[in-house]
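Have the sequence and the 3D view handy.

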Amino acid sequence: IAVHDHLWQTGTVTAGMTEWEKARAYYTWICDNTAYDYRATDTSLSHSAYSLFTIGSAVCDGYTAAYNLLLKLEGIACSTASTTDHIWTVATLDGTTVHIDPTWGDQAGYTNYTYFGMTPAFSLSRFQ
């Protein structure tokens with residue numbers, strides 16, 4: 001909730017924004033403020049939103065849990081999609097269902113928006 005409140009207080013997120021714009025602001029924040037935990041094990045705290053928000057590191061399920069929490073605080077409908085090795089967000093933004101992968105969006109030193117607002121077909125094609 002502190003991240004949500006901070007982004008509202010700084011004007012990064014405002015009442016006049018579309019769901020798409022709000023979701024992109026949260027995506028950017030997560031990508032800019034999180035490091036992928038390459039040392040995580042199956043029982044690591046990095047699988048949780050808690051790790052992302054308190055330690056600043058996570059793996060895909062931690063990224064997705066944190067991102068979905070922020071979207072739900074905005075009243076944005078979201079769920080998850082997954083393969084045996086990866087999980088990401090499915091959200092309805094301004095009436096359109098899109099796939100959003102903040103884990104893949106978090107590149108070393110920059111945010112890659114290729115993985116924000118993907119069509120379901122493009123998103124799933126990454127694993128074929």
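A nonpolar core here means a set of buried Ala, Val, Leu, Ile, Met, Phe, Trp, Tyr and Cys residues joined through side-chain atoms within 4.5 Å. Keep in mind that this is a predicted model.

With that in hand, look for the largest nonpolar core, which has 27 residues. Ile30, Tyr67, Leu93 and Ile100 are the ones with the most contacts inside it. Helices α1 (2-9), α2 (19-33), α3 (49-54) and α4, along with strands β4 (87-93) and β5 (96-100), each supply at least two residues of this core. The largest share, seven residues, comes from α2.

Pick Ile100 and look around it. Leaving aside residues up to four places away in sequence, Ile100 touches Tyr27, Tyr67, Trp88, Thr89, Ala91, Leu93, Tyr115, Phe116, Gly117 and Met118. Two of the core residues named above, Tyr67 and Leu93, are on that list.

Now slide over to Asn68, in helix α4. Another is the side chain of Thr89, with a polar contact at 2.6 Å. Beyond four places in sequence, Asn68 touches Cys78, Ser79, Thr80 and Thr89.

Next, the charges. Side chains of opposite charge can pair when their charged atoms come close. How many salt bridges does the structure hold? There are two. In one, the side chains of Lys22 and Glu74 meet at 3.7 Å, N to O. Lys22 sits in helix α2 and Glu74 in the loop between α4 and β3 (78-82), so this pair ties together parts that are 52 residues apart in sequence. Lys22 is buried at 12% relative accessibility, and Glu74 is buried too, at 16%.

The other salt bridge joins the side chains of Arg126 and Asp101 at 2.7 Å, N to O. This pair also links distant parts of the chain: Arg126 is in the segment after α6 (120-125) and Asp101 in the loop between β5 and α5 (102-105), 25 residues apart. Both Arg126 and Asp101 are buried.

Finally, step out to the surface. Ile1, Leu69 and Leu73 form a nonpolar patch there, with about 280 Å² of accessible area together. Leu73 belongs to helix α4 (residues 60-73) and is partly exposed, with a relative accessible area of 36%.

Terms used: Residues numbered from 1 in each chain as written. Predicted model: local features only at pLDDT ≥ 70, side-chain atom pairs only at ≥ 80, totals over all residues. Heavy atoms only, no water. Patch = residues over 30% accessible without salt bridge, like charges linked within 9 Å, V, L, I, M, F, W, Y side chains within 5 Å. Areas by Shrake-Rupley, 256 points an atom, 1.4 Å probe, with all protein chains shown as cover. Salt bridge = Lys/Arg side-chain N within 4 Å of Asp/Glu carboxyl O. Helix = DSSP H or I, 4+ residues; strand = E, 2+ residues; numbered from the N terminus. Buried < 20%, exposed > 50% of the residue type's maximum accessible area, 1.4 Å probe, protein only. Polar contact = N/O pair within 3.5 Å; in protein donor to acceptor, adjacent residues only side chain to side chain. Contact = heavy atoms within 4.5 Å.
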